[in-house]
Amino acid sequence: MSRSSSDTHLDKVQIKSASVYNIHGLSGSQHSLSVPPIHKDVVGYRGSNEFILTDDKQSMMDQIKSIGPWMRRKCKNVCRRKILYKRVPVLNWLPKYTMDDAVGDLVAGITVGLTVIPQALAYSSIAGLPAAYGLYGSFVGCFVYILLGSCKDVPMGPTAIASLLTFQACDGVWQRAVLLCFLSGLIELLMGLFGLGFLIDFVSGPVSSGFTSAVSLIILSSQVKDLLGIVAKGNTFIEQWSSIIDDIHNTQLGDALMGFICIIVLLLMRLLPRIKVGPPEETDQSVVQRIINKSLWLIGTARNAIIVIVCGGIGAAFYENGKQPFRMIGDVPSGLPSVQAPPFSVPEVVDGNGTVTQEYESFGDMLGNLGSMLIVIPLIALLENIAICKAFADGKPVDATQELIAIGVSNIANSFVQGYPGTGALSRGAVNNASGVRTPFGGLYTGLLVIFALLFFTPYFFYIPRAALAAIIIAAVIFMIEVRVVKPMWRSKKTDLIPGVATFVACLALPLEYGILVGIGLNILFILYHAARPKIHMDQAVTPCGVKYLMLTPDRCLIFPSVDYVRNLINKHGLKNQIPVVIDCTHIYGADFTAAQVIDTLIKDFKSRNQLLLFLNLKPSVGNVFEGADLEYRVFYDFEQLDKAIRECRRKSIQA
């Protein structure tokens, strides 16, 4: 079969058992594709066993007309039962729900609830918001995730990283924080609907570790002021410590003493779940031993709640007629938040003296203040959530698209009860998993416990010392500093430390959104450099009749950043050896027009010095690119034919 200018239009041609192609060959014949049975030396085809050439051109009007049927097909697919069960995971597990599942979820939900309440109070201080807002964002998302979540271990709510990002974006203005929650959820939902979960693939492990470690240090630094009872401000690590040093002489002894004692106690209580009384296997333990072990585990797991209760009691005992021995979190509004649309403006606030304490902001002003955090927060939220899913997936695939939809709808719902952005927290996820959670239904009990606290316990939150909450945060985030990954990273690939360390330093010195952009940018540069410098394997081969030739095998596709480098290497080896050169294209799965132009120059370089250059196992898609650029080259798919061509060219050169 051959195609020329006089050929009729072929919509689809299927070709099998090809051996050699001569495309715009040395004889000067203008063939788009010359394949057997015309060539007399065909013995077989090496490469893919079958390929299809298509020439399916459509006019602009035809493409416009095809939009309607395409949309109808998409809508039909969305309404399929399979898609419904995939996008509403509760339909999969709820019909198979058992009593054992109910017991496991109840225990896990209450245990996580005892963790989330003190964390929510503490994280709201990181976000620069009143304590109530942490609780407001800790229950509705739990209910929504039951319906849409794909991972049983994810407990929705505020996290340390999300709280810090919220503070940097909103600067303590609750209207901005609630609007940020709504817009972040909307962006997450849209990312999920458009299948953009792959974006987290651009955040490598080293960049993620550098970012998490830097954020942990910034969060720790932000809590030093409450730990010492001083006043300090700042968004970056440097600004915070500069402010702390300026006011450290005002350290309050009571706050500092309580804070450091709480940190020590929390770290010791963290070790309790590891203590085992009796035989290591639970089945071999007596009833008393099992009760002691379960009690130690429960005390260690609920350590934050225990510290809050004890310190709150101490604060109440020493409180006398307005005299506070410690700085306390103050009044927390009683009852559930009102259900209302998120605010799209910030009202002007004037104090009793007529001084404007908060200026009016329109919706546009609020968007300007939120800035790039509208993109950064959804990406980091997905990153945190996927980390939990992967940690407890037991090898099962993680659906990033579904997780985006789940956390997106959860944040949208949270914004209607005045919550700020949240996602799954790895620490609470670990508690959830260790507590024996069976399905996402455990979130129901966590949410109900938070509602119960808002309805009945908010008057007692007044007495909780800020130093105790700061100690809870510090004792948690010090384990988020990922020092342990440095050694294996150094042993496996030292260059991975460059984007990791750069991200860490940039996040400490710059606003967080710029810091992570530095890391992602360095990752992309490494990828581009890797693409621009392919490795070429060189072998000296001999035909059956004793003619030597050089076999060069590039290890990846030919695209514009790499093709000049490849050309120079091939020319270098060709000039050095002065024997026929064969380029094995087995691993070249793609090429572009720039590559075709440079390969054309390479072919002319070899032709000018009468040195043979042949191609082996060229993919049809790459051949189409070369064909479109009018290259004169020869390609083979059989070593017998390749050897015969080299032998023939060698004979002609000797005769000449």
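## The model

This is a predicted model, in which local features need pLDDT of at least 70, side-chain atom pairs count only at pLDDT 80 or more, and totals for chains, interfaces and linings use all residues. Residues are numbered from 1 along each chain as its sequence is written, and side-chain values use heavy atoms, with hydrogens and water left out.

The term pLDDT stands for the predictor's confidence in each residue, from 0 to 100. Its mean over the chain is 82, and 88% of the residues reach 70 or more. Over residues 1-57 pLDDT stays under 50. For that stretch the model has 109 contacts beyond four places in sequence, where contact means heavy atoms within 4.5 Å.

The chain has 656 residues, and buried residues make up 48% of them. Buried means under 20% relative accessible area, exposed over 50%, and partly exposed in between, with a 1.4 Å probe and protein chains only. There are 28 helices and 14 strands. Both are DSSP runs numbered from the N terminus: helices are H or I with at least four residues, strands are E with at least two. Of the contacts with a separation of 6 or more, 77% join residues 24 or more positions apart.

## Two helices

The expected span of a helix is 1.5 Å times one less than its number of residues.

| Helix | Number of residues | First to last C-alpha | Expected span |
|---|---|---|---|
| α17 (400-415) | 16 residues | 22 Å | 22 Å |
| α24 (512-532) | 21 residues | 30 Å | 30 Å |

Helix α17 is largely enclosed by the rest of the structure, because 14 of its 16 residues are buried. The N-terminal end of α17 is capped by Asp 399, which has a side-chain oxygen 3.2 Å from the backbone nitrogen of Thr 401. A polar contact is a pair of N or O atoms within 3.5 Å; within protein, one must be able to donate a hydrogen and the other to accept it, and residues adjacent in sequence count only if both atoms are side-chain atoms.

In α24 the buried residues are Leu 512, Glu 513, Gly 515, Ile 516, Gly 519, Ile 520, Asn 523 and Ala 532. Their cover includes α8 (160-170), α10 (205-228), α16 (373-391), α23 (497-509) and α25 (560-577).

## A pocket and a cavity

Both kinds of space are found on a 1 Å grid over the protein atoms alone: a cavity is a set of points where a 1.4 Å probe fits but cannot get out, and a pocket is an open set with protein on both sides within 12 Å along at least five of seven lines. Lining residues have an atom within 4 Å of a point. Grid points are joined across faces, edges and corners, and a volume is the space filled by probe spheres set on the points.

The largest pocket has a volume of about 1300 Å³. Its lining has 46 residues, of which Ala 425, Leu 426, Ser 427, Ala 430 and Met 480 lie nearest its centre. Helix α16 gives the most to this lining, with six residues.

The structure also holds two cavities of 30 Å³ or more. The second largest cavity contains about 90 Å³ of space and is lined by 14 residues. Nearest its centre lie Val 154, Pro 155, Pro 440, Gly 442 and Gly 443. The elements giving two or more residues to this lining are α5 (99-126), α7 (140-148) and α19 (442-456).

## Single residues

Val 154 sits in the loop between α7 and β6 (156-157). At 6% relative accessibility, Val 154 counts as buried. Beyond four places in sequence, its contacts include Tyr 145, Asn 385 and Glu 403. Val 154 and Glu 403 are 249 residues apart in sequence, while their C-alpha atoms are 9.9 Å apart.

Ser 138 lies in the loop between α6 (131-136) and α7, and is buried at 1% relative accessibility. Its side chain reaches the backbone oxygen of Gly 134 at 2.6 Å. Among its contacts beyond four places in sequence are Val 116, Met 156 and Gly 447.

Gln 418 has a positive phi, near 65°, although it is not glycine. Gln 418 is in the loop between α17 and β9 (423-424), and its 11% relative accessibility makes it buried. Asn 610, also a residue other than glycine, has a positive phi near 55°. Asn 610 belongs to the loop between α26 (593-608) and β13 (613-616), and at 74% relative accessibility counts as exposed.
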